[in-house]
Amino acid sequence: MATGQNPERLHRARYLWLEEMLQGRRLLELGLLSAEVLNESNAAEWTATTPDARRTDDRRIQTVAPGKVPFADASFDVVVVPALELQLEAESEFVHHVRRVLTEGGFAMLVSRQSARDVQDILRPVFSSVEV
């Protein structure tokens, strides 16, 4: 991230870009950045995880260690991961778990500071289609 860029502002911009694609869908954000942004999204319903137990005053926010995806198979239409590196450091099989919780026809938005080639190398063995 370039110096001076506000992480929440960038996060809000990602959700504006996703706005139409979220309409009527079940959303999971792994590594909550802003509940306010999720509340403003077009998602039919949302769930988020955070390692910070102090952020769990909302029943939709679950305290979960980085890299963990404790949800049933095919339970979300969209998965957003604001910090892929943090999740992968904690669990090398993390992207497999992301794929597992997605419904057929669902999609994931994984945000990374790695090069496009590195991200493609991580995702291609797991996802049938990868766009960077």
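**A loop residue and its partners**

Leaving aside neighbours within four places in sequence, Ala-74 is in contact (heavy atoms within 4.5 Å) with Arg-26, Arg-100, Val-101, Leu-102 and Thr-103. Ala-74 sits in the loop between strand 3 (61-63) and strand 4. Its relative accessible area is 40%, so Ala-74 is partly exposed. The cut-offs are these: buried means under 20% relative accessible area, exposed means over 50%, and partly exposed lies in between, with a 1.4 Å probe and protein chains only. Glu-45 is 29 residues from Ala-74 in sequence, and their C-alpha atoms are 15 Å apart in space.

This is a predicted model: local features need pLDDT of at least 70, side-chain atom pairs count only at pLDDT 80 or more, and totals for chains, interfaces and linings use all residues. Residues are numbered from 1 along each chain as its sequence is written, and side-chain values use heavy atoms, with hydrogens and water left out.

Now the whole chain. It has five helices and five strands. Helices (H or I, at least four residues) and strands (E, at least two) are DSSP runs, numbered from the N terminus. Along the sequence the pattern reads α-β-α-β-β-β-α-α-β-α. The radius of gyration of the chain is 14 Å, close to the 14 Å that the globule rule gives for 132 residues, so the chain is as compact as a globular protein of that length. The radius is taken over C-alpha atoms, and the rule is 2.2 Å times the number of residues to the power 0.38. The C-alpha trace spans about 40 × 35 × 30 Å along its principal axes.

Of the 132 residues in the chain, 41% are buried. Among contacts with a separation of 6 or more, 51% join residues 24 or more positions apart. The accessible surface comes to about 7,700 Å², and carbon and sulfur atoms hold 46% of that surface. Areas come from the Shrake-Rupley method with a 1.4 Å probe; for residues, only the protein chains shown count as cover.

Next, helix 4 (residues 94-101). Its buried residues are Phe-94, Val-95, Val-98 and Val-101. These cover an arc of only 125° around the axis, which puts them on the same side of helix 4. The arc is that of the directions from the helix axis to the C-beta atoms. What do the buried residues of helix 4 pack against? Their partners are strand 1 (26-30), strand 4 (76-81), helix 3 (84-90), strand 5 (102-110) and helix 5 (116-123).

Turn to helix 5. Val-119, Gln-120 and Leu-123 are its buried residues. They span an arc of only 100° around the axis, which places them on the same side of helix 5. Their cover includes helix 4 and strand 5. The face turned away from the buried side carries the exposed residues Arg-117 and Asp-121.

Last, helix 1 (residues 7-22), where His-11 lies. Is His-11 buried or exposed? His-11 has 0% relative accessibility, so it counts as buried. Not counting residues up to four places away in sequence, His-11 touches Glu-29, Leu-33, Ser-34, Val-37 and Pro-82. Of these, take Leu-33. Leu-33 belongs to the loop between strand 1 and helix 2 (35-40). With a relative accessible area of 38%, Leu-33 is partly exposed. Leu-33 and His-11 are 22 residues apart along the chain, and 7.5 Å separates their C-alpha atoms.
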